[in-house]
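Please look over the model below alongside these notes. The points follow the order in which I would go through it.

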There are 2 protein chains.
Amino acid sequence: MKQYLLGVDIGGTAIKIGKFDLFGELLEKWDIPTDRSDHGSRILKDIYEAVSARVSWDEVKGVGFGVPGPVTDNVALTCVNLGWGIVDVPATFRQFMTYEDVLVRASNDANVAATGEVFRGAAVGKKNVVMFTLGTGVGGGVVVDGKLVDGKNGAAGELGHLVIDFTHKILCKCGKHGCLETVSSATGIVNLARIHLQSSSVASPLRSMTDFSAKRVLDLAKAGDVIALAAVDDAADYLGRAIAGVLLSLNPEVVLIGGGVSHAGPFFLDKVAAKAQEYSSPFAKDTPILGATLGNDAGMFGAAYLVR
Amino acid sequence: MKQYLLGVDIGGTAIKIGKFDLFGELLEKWDIPTDRSDHGSRILKDIYEAVSARVSWDEVKGVGFGVPGPVTDNVALTCVNLGWGIVDVPATFRQFMTYEDVLVRASNDANVAATGEVFRGAAVGKKNVVMFTLGTGVGGGVVVDGKLVDGKNGAAGELGHLVIDFTHKILCKCGKHGCLETVSSATGIVNLARIHLQSSSVASPLRSMTDFSAKRVLDLAKAGDVIALAAVDDAADYLGRAIAGVLLSLNPEVVLIGGGVSHAGPFFLDKVAAKAQEYSSPFAKDTPILGATLGNDAGMFGAAYLVR
């Protein structure tokens, strides 16, 4: 009897495998290392074998994959961190897994985090959701009518590369200037703090540190440090601009903020919500801006959602 | 036998009614005046009677409405130009039209223009489309997976109010500054030309005109007038910013530009495409930016598409 969903989040270092019931309850999870040798050609076979050792495929309704690169129609177009070029994930996985009645689907890892939150996180019951994940970079995911939007080239949800400042000087690793990722990620908050340190002479504990984290900036901002507060206000303003854009385009039921930066909680999210409202006014009013709740497991949940 | 679709585009002055076959071929169209008296309470009855005089309801599969205001789940939330408050369009229309097997649906008039182009215009066969209509203002529509996105409060596709310049001084009638509508609509192109006339002393035929149209600015730009060209380049740049945002969020198959400004053709659209590419690079590459083809009938076609 089909009673399990598998959600697999393939990262450059480790692969997270989750066994779920059909309602998205996580029953068991484990990691295996990512073997990037030979252009990552053993990765899907390793996953097949790791699952086979623990779960009977007869009982699996489907297996979903989140992969670190653009995906369209379940085909990964390129995953630099895995060594993959174009990989048709279902076709390749079915070379090992011969159960024809098991669904196999794949999408981008950052995108599926959004469906994870729809499945069992902060957006349960919602069908129209946009999620921003603020980590080292900024990832995104867009869910419309309960379905993840991949886009023509798998480039939907590239919210970290929305240009939110057309005069900004910070170069993004994508080659553009003014991308959201350069200012509202953890790295971006540090960038903004350094800019404020340089352009002002106000005292701040940050001045004596050769290196500091976004968490340090957020904590100091909460404590009232003027420099840190200016950086956090800017980061919230920029994120508010990007959110306003998706509110006016899609008018979703909820916007979720995940990743390390979101742990700053209402102190940060309330600033973001005020700016999103300001830049989208008077349309798309009162859209809740909420913290995501699944943390690093969101991708695994979202991959399972693909085959629910 | 069910062999017709009806598409009704309700404007503040006139109501356009189209009779289509089931494949979206327009068979007949006619107008009736909009009676805004008594809070527009006779509008839907007038439409019912106008249709009944020409078409047997037995032969109608469905009737779709495009209405000038936000709509969600077929309920118009407010239409100032019709005098409407909250109007449940199917429930109200069914008070007159008692054929239960006729589908009745409604959506926003600017939004349905996008589905019109999907039905029989420049985006036939596409399922993921974003359309900008550049008229006196800027309207928009978003189609995902073949379905029009209304949004939680009917505010999806409010692309004219995307803020594309956070330092701009032009006040939009929505109350914000820097909205796309203030710079890339017909009105916006005139605004930009006036700004360039004031900030420069370069000679231009525009200087001697007390009043001029966007078409005049576009024609002069094509002829090489420096002031006009600067205004058109700016309008294209701003529209490119807005398009880049939707490319990075949704990565659609095609972006359509409709409305009077789009009649400037490749001269304008090529500039827009170059800017959209620049601001979305290296993601969402090579998305075609095409002119819409249905003109003022797009809303009627799109309304019919709702009940196809």
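1. In chain A, the axes of helix 7 (residues 214-222) and helix 8 come within 7 Å and cross at roughly 110°, where axes are lines fitted to C-alpha atoms, for helices over the stretch in contact, and angles run from 0 to 180 degrees between N-to-C directions. Helix 7 of chain A is therefore roughly perpendicular to helix 8 of chain A, on a scale in which angles under 35 degrees count as roughly parallel, over 145 as roughly antiparallel, 65 to 115 as roughly perpendicular and the rest as oblique. The crossing of these two helices is left-handed, that is, the near helix is turned anticlockwise from the far one by less than a right angle.

2. The model is predicted, so local features need pLDDT of at least 70 and side-chain atom pairs count only at pLDDT 80 or more, while totals for chains, interfaces and linings use all residues. Residues are numbered from 1 along each chain as its sequence is written, and chains are lettered from A and ligands numbered from 1 in the order in which they are written.

3. Helix 7 of chain A contributes Val217(A), Leu218(A), Leu220(A) and Ala221(A) to its contact with helix 8 of chain A, which supplies Ala228(A), Leu229(A), Ala231(A) and Val232(A); residues are in contact if their C-beta atoms, placed from the backbone, lie within 7 Å. By class, this contact has eight nonpolar, no polar and no charged residues (Ala, Val, Leu, Ile, Met, Phe, Trp, Tyr, Cys and Pro count as nonpolar, Asp, Glu, Lys and Arg as charged, and the others, Gly among them, as polar).

4. Between the chains, 37 residues of chain A are in contact with 37 residues of chain B. Strand 10 (138-144) and helix 8 (226-250) of chain A each supply at least two residues of the side that touches chain B, and the largest share of that side, seven residues, comes from helix 8 of chain A. Helices (H or I, at least four residues) and strands (E, at least two) are DSSP runs, numbered from the N terminus.

5. In chain B, strand 4 (residues 60-67) is mostly covered, with seven of its eight residues buried (20 or more other C-beta atoms within 10 Å of a residue's own, the C-beta atoms being placed from the backbone). Strand 4 of chain B pairs in the parallel sense over six bridges with strand 1 (residues 4-10) of chain B, and Gly62(B) is the bridge partner of Leu5(B). Strand 4 of chain B also pairs in the parallel sense over six bridges with strand 8 (residues 103-108) of chain B, where Ser107(B) is the bridge partner of Gly66(B); pairing requires at least two DSSP bridges between two strands.

Definitions and conventions
Two residues are in contact if their C-beta atoms, placed from the backbone, lie within 7 Å. A residue is buried if 20 or more other C-beta atoms lie within 10 Å of its own, exposed if 12 or fewer, and partly exposed in between; C-beta atoms are placed from the backbone.
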